[in-house]
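Work through the exercises below with the model open beside you. Try each task before reading its solution.

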Amino acid sequence: MINFDNVTKIYPSQSRPALESVSISVDKGEFVFLVGPSGSGKSTFLRLVLKEERPTDGRIRVSGRDLARLSNWRVPMLRRRIGCVFQDFRLLQNKNVYQNVAFALEVIGKPRRFIRKVVPEVIDLVGLEGKHERMPDELSGGEQQRVAMARAFVNRPMILLADEPTGNIDPATSIGIMKVLDRINRTGTTVVMATHDAAIVDSMRKRVIELEYGKVVRDQSRGVYGQAY
Amino acid sequence: MRAQFVLQEIWIGLRRNLTMTIALVVVVAISLSLLGTGLLFVKQVDATRSYWQGKVEVSIYLCTAQSVSVQCKQNGPATDAERQQIQQQLTSMPQVASVVYQSQEQAYQQFRQEFSNNPSFVSTVSQGDIPDSFQVKLKNPQADYTAVASAVTGKTGVDSVIDDRSILAKFYKLLGGARNAVVIVAVILLIAATLLVANTIRLSAFNRRRETGIMRLVGASNFYIQLPFLLEGIIAGLIGWLVSVGLLIAVKSLWLDTLQQYFTFNVILSAGDLVEVVILAMCVGVLLCGATSFLTLRRYLRV
């Protein structure tokens, strides 16, 4: 599903590579934790998958497509098949829960009938039934992240990328978030989650890829957070 | 669905920077009005020119008892023989298309007719004050005037030779100068309008960077992301254009059409001319706003 072949990324302003000769392969339906200290290249990895950045060297394939050969006007099509969740939620403050989720479908031109049917389903899936009309500032952090996940998942992407989704949320609430991610994973969606949260990684027992200074130092199925130390 | 969404986005954009939008509308309105006024001037001058085209003549005034020039004083009024001689010479010249003799009485009647709306002026002139003349039409007024004029100037019985073009030239110069001034100001304002469009769109894009960021993330096409901004610019341009249509109608009916009263000719621009100018102004306005928005967006809303 995601294939990195000897990928190196050097940002123009930096001499040290953000990623160095990284080769990773993530299969369809996998749940992968991406761990490592700040600046180890986790976010760069995610940005490369979205083609927000181009690799300096190496080849990236997403669902069999070579990203280097993907023309610019087709990048939106790639992104429609990838959902994204962030630490800071990135909700629209002037839209309620329903509108925030529907927005993702409106802007890719889905018919209204389809939106009316699908959005409530996804809001239920993330556990926010009955809160359609709430505005983001009336929700807790955990609830806001659920809205963000609903928005990321509403178009049924093949891949869900999560960049420290529990970073702003207390441990108790994080468990709920992880349950939603797990539920999404069970529908067959590949999930890649970058995180610092050792407790979560240890409890889930999924594949763990550890990055350090832009290199893969560990790739372990059913791993834990801190085994390398 | 799509249309409703796009319209909603445009409305949000226009409302969020209302002051910028108003400034933009005003500047577009004024610059398009001035541009249109310039174009109406051009049309007025053209219409006047073609009106006069067939009428431009060389007038050769003959000496009368009242003539004050030295030459006429010496030789006295033109005799019939002198008149015939001049007429023969004129008709024999290859450059001359036609020669018409206008007697003093005919000249007086024509004068009364042309200034019939100004009786007090007419009453100060009596028959005999206006000299008799030859009205000469030239085949090519531009090139042949000097040859014809020099042939008859100084002949006995000839008082003065007047080229009608020299009278019209003053009028053209007046209109031409006004037109140039108006067009220059219009161009400067159009440049200001362009900068304002760019700024408005940039502000709008900045205000909505969260929305556009999410749109990019969920895979909205560039066209879909940019369309509301593009239309925002174009709609502001169109509103400005509508205002300018009103101003242009006013310019034509209150100003250009009343010019006729001060000149003894009847060339009023048709509604068709106005429509042509107005449509051209719309094209300029829409193209300017649309193209500027588009170029600005390419800089500020990259994939």
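Two strands count as paired if DSSP finds at least two bridges between them. Keep in mind that the model is predicted.

**Exercise 1. How many bridges join β2(B) to strand β3 of chain B, and which residue is the bridge partner of V96(B)?**

Step 1. Find β3 of chain B at residues 133-138.
Step 2. Count the bridges to β2(B): there are 6. The cut-off is at least two, so these strands pair.
Step 3. Check direction: the two strands run antiparallel.
Step 4. Start from V96(B); its bridge partner in β3(B) is L138(B).

**Exercise 2. In what order do the strands of the open sheet in chain B lie, and which stand at the edges?**

Step 1. Strands of a sheet pair through backbone hydrogen bonds.
Step 2. Read the order of the 4 strands: β2-β3-β1-β4, with antiparallel pairing.
Step 3. Look at β2 (96-102) and β4 (158-163) of chain B. Each has a single partner strand, so one side of each is left without a neighbour in the sheet. These are the edge strands.

**Exercise 3. Which strands does helix α4 of chain B lie across?**

Step 1. Locate α4(B) at residues 80-92.

**Exercise 4. Which element gives the largest share of the side of chain B that touches chain A?**

Step 1. Take the whole contact: 14 residues from chain B and 18 from chain A.
Step 2. List the elements of chain B that give two or more residues: α1 (2-16) and α9 (209-217).
Step 3. Pick α9(B), whose 5 residues are the largest share.
Step 4. Sort the chain B side: 9 nonpolar, 2 polar and 3 charged residues.

Key: Residues numbered from 1 in each chain as written. Chains lettered and ligands numbered in written order. Predicted model: local features only at pLDDT ≥ 70, side-chain atom pairs only at ≥ 80, totals over all residues. Contact = placed C-beta atoms within 7 Å. Nonpolar A, V, L, I, M, F, W, Y, C, P; charged D, E, K, R; others polar. Axes fitted to C-alpha atoms, helices over the stretch in contact; angles between N-to-C directions.
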